[in-house]
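Trainee: Hi, could you walk me through this one?
Mentor: Happy to, let's open it up.

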Amino acid sequence: MDGDLASHLDVWARLLGAGVPDGDQWRQLAAKPRLMDLLDPHALAGVVLRAAFGRVELPVEVAAALMARHQLAAVDPVDRAAVRAVAMAQLTGTPSGPSATAGGWRLEWARLRAMPAHVVLGGHDHGVYTVTAVRLPDGRTLVVSAGNDETVRAWDPMTGLPVGAPLRDHIGQMAVVTLADGRPVVASPTRGGEVRLWDPATGEQAGAPLTAPVGLVRALAVVRLLDGRNLLAASSQTAAADPGDDSENGDDDTADASIGEKTPAATWLWDSDTGELVAELAGGVGPMLAVPLPDGSVVLATSGANGLVRLWDPVAGRPFMDLFAGHPGAVLALAVVPQADENVLLAVAHDDDGGNRGKVRLWDPESGLLVGDPLGPTAQMLRGMLLPDGRSVLAGASGPDVLRLWDAGTGQPLNDPGDWSKGFYPVTSATAAVLPMPDGRRLLSVGGANRTVALIDPATGEHASEPLSGHRGDIRATAAVPLPDGRTLLTSASDDGTLRLWDLDGLHPAATPPSIGDGLGHGVNKMAVVPTAGGAVLLATADGVGTVDGTTVRICSATTGRPIHELAGHHGVQALTAVPLGDGRTLLATSGHFDRTVRLWDLAGDKPDGRLLTEEDAALAMSPVTLSDKRTILATSHGLDGRLRLWDPATGQAVGAPFNEDAGYVGGVLALAAVPVPGRQLLAAGAGNGTIRLWDPRTRKPLGHLMYGHRYPVIALAAVPGPEGRPLLASATYRDSIQLWDPLTGQPLESPYGAEPADGDSDVRCLATLAVPDGPTLLAIGHDTEVRLWDPTTREIVRTFPLGLQVTAMSPIGSRLAIGTESGVLVADAAGWASSDHPPYIKQSQKVDKRVHQTWIGRVIE
């Protein structure tokens, strides 16, 4: 290490310990990427969160290091420059700055959908469905989340690190309740029927569990009384209700609030400080919440399956009032809608029932009277808010449906659900958060379309920024995170098992519709490399079958990523493949899903024109196959019965009749690959029922028996040379592991991963073979957000590269690898990837995510 770098490393070691870098120091750090590669990624991220995130505009190099800290920590420092370059491309759409260090892999170019800088909080094994911010007595704020892995976890947003160990055996909702000593505790139910209180700062249980015959808790609510006490309400259904008993719906006018009476459905109230059960309320299987009244008292609103909402006096434990509009539909959601005069309204959303379309209704909880006319379609999510100008707004969505905003005072809509420029947004989250902005506005955050978070300005009904992208699953919840220094961050929880922290000061203005780059910034899940006769190499990409409105195939330079063509004519792209001809040209074959056509394109001209091959049915999979006479034909698969067809690409004519109708395929043939064997190539076909069949393309006859080994549809096949040139066939599905086969015998061999992962733990989307200079041909495996390289000569996973993006397609370009992702495409250079100087980095990433990274390095052929 040179002296200048050593001195800077010493300075930054002290700053990571306790210092606060200024703006100049951030810029100096960005100018020394080698220095960043030597710093601990988590320590650097902690300093950025504490001193800069949400305060200053960070250099893109530093923002990328923050966003990719988990990937950077999982790889050797020699590969960190390339990992950071991928993150920089995510922030800007294209890479900038150095993308490699000596001995590391290199990112050549990338075109990705740009996203704002954010912080990933990973730890849940499955989806996260609720999140909240908890302010501690010492001024700190923690982020608390609950997930489908039955854990509750706490995070420090100032460091991005977990606080304490996760609490296990917790299901359902959470609630934050403040004890008499000022401590906030988190209440969460267990599968065993208890409600536990725990201190998120210490991870310790606060008092004994709250026990009652509650069964599985459906809802929690906190009721703050005038005397300062806080009651915790929990509702559940303890037993099957008698068909003639309407008490679970709140229809029992003789409901007794005495403790100990068993009812099919009930709500329990505990004193959160003493743990004493103070009341048992009959009914209440639906949503519930505390509703403040003008005199300062609070009532508890419970709801039932028959549409009745009952207001309870929580002190006396008796009904206060029933709200019922004669609508038989169940209650889907409740919300308090604050008013400018300090009164509140209660919003109630009813389900459709008996052919009646559900509605949202507003009630005065003090008088029990309806306010105004019912508001338009019902909602499974409601949120009320008061704007700075005194207007009262109600937001609602029934997922998956669009977000709707109403002026609660007039009942008039504030946005147009059919127009993006006027607040259109499909919603998937079950909650919405109100965010105070530095300029005095209040924004509404909801999760939904394309796994993004939308920020809506309810004052105008319009998008306040472009949707926040980065999650890889549907958004289930959002929450504001107020920090001790006055900043407010936004956190979002997703089915992808992560939370994300967003800086609200660095938002990009909203576009109409939102910008997604310059064409190649779309998600890419179909890809083909097309060499031209003149020596140039083109890359064809498509975003699959997600749309029916003229999905295009995009052509760019495989060397620079420069856009060249957009091929129109298909509606949803099912498959792409390159087809070499005997005259030196290479055609591009494309298959349209909804238009049910297959086309051949010659990309040599300025305006390529697709020649129609067939319009009878879309090809589910395609592959070129070379015959013994050196001619190349195109194989395509069609229909759920797995019909195969062969085509002469030079003439566009079919070669023989369709075949394979009686081969036992179910679910169609989803993957095709040419398998070189001595003197010829065979055609491998992977089916939706998990089987694989080898075919002789000359005779159109099957070879050997059906190959069984997968429990799920085969979606990827690749031929790779094994030891001593022995051909191998690799197959993959979405859910179980990769399988290797001997195509000469049809027998299964051991998986490249060694031991099989548990059912559902694997997430392989694509396979490719990669020729490394002065090295063996490797099998590239697109696994979740990583590319893994398996060496058939050493029988090991030799390198693993975490990209932080779902890998959906791969194509080799010589020693380079084009990688399609959910956000676009990138090309990396494979030179030196098989170097023995670097250990298999998968062993390091095992420490980061034990659920995914199991002991998968194993022998293939004994």
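Trainee: So where is Thr190 placed?
Mentor: Thr190 is in the loop between β9 (184-189) and β10 (195-199); strands are DSSP runs of E with at least two residues, helices are runs of H or I with at least four, and both are numbered from the N terminus. This is a predicted model, where local features need pLDDT of at least 70, side-chain atom pairs count only at pLDDT 80 or more, and totals for chains, interfaces and linings use all residues. Residues are numbered from 1 along each chain as its sequence is written, and side-chain values use heavy atoms, leaving out hydrogens and water.

Trainee: Is Thr190 buried or exposed?
Mentor: Thr190 is buried, with a relative accessible area of 2%; buried means under 20%, exposed over 50% and partly exposed in between, using a 1.4 Å probe and protein chains only.

Trainee: And what is Thr190 in contact with, leaving aside neighbours within four places in sequence?
Mentor: Thr190 is in contact (heavy atoms within 4.5 Å) with Asp169, His170, Ile171 and Arg196.

Trainee: New topic: why is helix α4 largely enclosed?
Mentor: Eight of the eleven residues of α4 (residues 41-51) are buried, so the rest of the structure largely encloses that helix.

Trainee: Which residues of α4 are buried?
Mentor: They are Pro41, Leu44, Ala45, Gly46, Val47, Val48, Leu49 and Ala51.

Trainee: Nice, thanks!
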